[in-house]
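One residue's surroundings come before the overall plan.

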Amino acid sequence: MDPRVGVGAFILHGDRFVTGVRKGSHGAGCLQLPGGHLEFGESWEECARREILEETGLAVRDVRFLTATNDVFVAEVKHYITIFMVCNTVDKDPLPRVLEPEKCERWEWRSWEELRMLSVDPSVELFLPLRNLLKQQPDLNFGSSA
């Protein structure tokens, strides 16, 4: 099976970002970022904006590339290249909503340090791209926020 392209988005509000719990597909029960599949002809920035709005209802600005991971889901026989984007919220008091309840249980704000601590908690499972990102860049810097 040929690799597919997924886009995951760090929606920043201060030093925190949105995470959720996956439902209904590969990685069910895992902690994830908002995101999804890159559509034909779509830029990474367009994909991130679309997926964020569809999944959380949040408006974002300053969407930019962060990094990428190579993610092979052996048991599911799926291979993804995950493009991680980073952006900032538009609202001063953003409240992510679960707009696709069949795909996500809830959204919560977390810091990178909290995510790193959760990654070693045996009761919490991270979605493979997020797990690979933590291994690849444990001291991730989100860059400047305009």
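Begin with Phe10. Leaving aside neighbours within four places in sequence, Phe10 is in contact (heavy atoms within 4.5 Å) with Phe17, Leu33, Leu66, Phe84, Met85, Val86, Cys87, Trp112, Leu130, Leu133, Leu140 and Phe142. This is a predicted model, in which local features need pLDDT of at least 70, side-chain atom pairs count only at pLDDT 80 or more, and totals for chains, interfaces and linings use all residues. Residues are numbered from 1 along each chain as its sequence is written, and side-chain values use heavy atoms, with hydrogens and water left out.

Phe10 belongs to the largest nonpolar core, a set of 18 residues. A nonpolar core here joins buried Ala, Val, Leu, Ile, Met, Phe, Trp, Tyr and Cys residues through side-chain atoms within 4.5 Å. Buried means under 20% relative accessible area, exposed over 50%, and partly exposed in between, with a 1.4 Å probe and protein chains only. Phe10, Phe17, Trp112, Leu115 and Phe142 have the most contacts inside this core. At least two core residues come from each of strand S1 (4–13), strand S2 (16–22), strand S6 (78–89), helix H2 (112–118) and helix H3 (128–136). A second, separate core has 15 residues, including Ala9, Cys47, Met85 and Cys104.

Next, look at H3. Its buried residues include Leu128, Pro129, Leu130, Asn132, Leu133 and Leu134. Their cover includes S1, strand S3 (31–32), strand S5 (60–73), S6 and H2.

Leu33 sits in the loop between S3 and strand S4 (35–37). Is Leu33 buried or exposed? Leu33 is buried, at a relative accessible area of 9%. Leaving aside neighbours within four places in sequence, its contacts are Gly8, Ala9, Phe10, Phe17, Val18, Thr19, Phe84, Trp107 and Leu130. Trp107 lies 74 residues away from Leu33 along the chain, yet their C-alpha atoms are separated by 8.9 Å.

Now step back. The chain has three helices and seven strands, in the order β-β-β-β-α-β-β-β-α-α. These are DSSP runs, numbered from the N terminus: helices are H or I of at least four residues, strands E of at least two. The radius of gyration is 14 Å, close to the 15 Å that the globule rule gives for 146 residues, so the chain is as compact as a globular protein of that length. That radius is taken over C-alpha atoms, and the rule is 2.2 Å times the number of residues to the power 0.38. Of the 146 residues, 46% count as buried. Among contacts with a separation of 6 or more, 68% join residues 24 or more positions apart.
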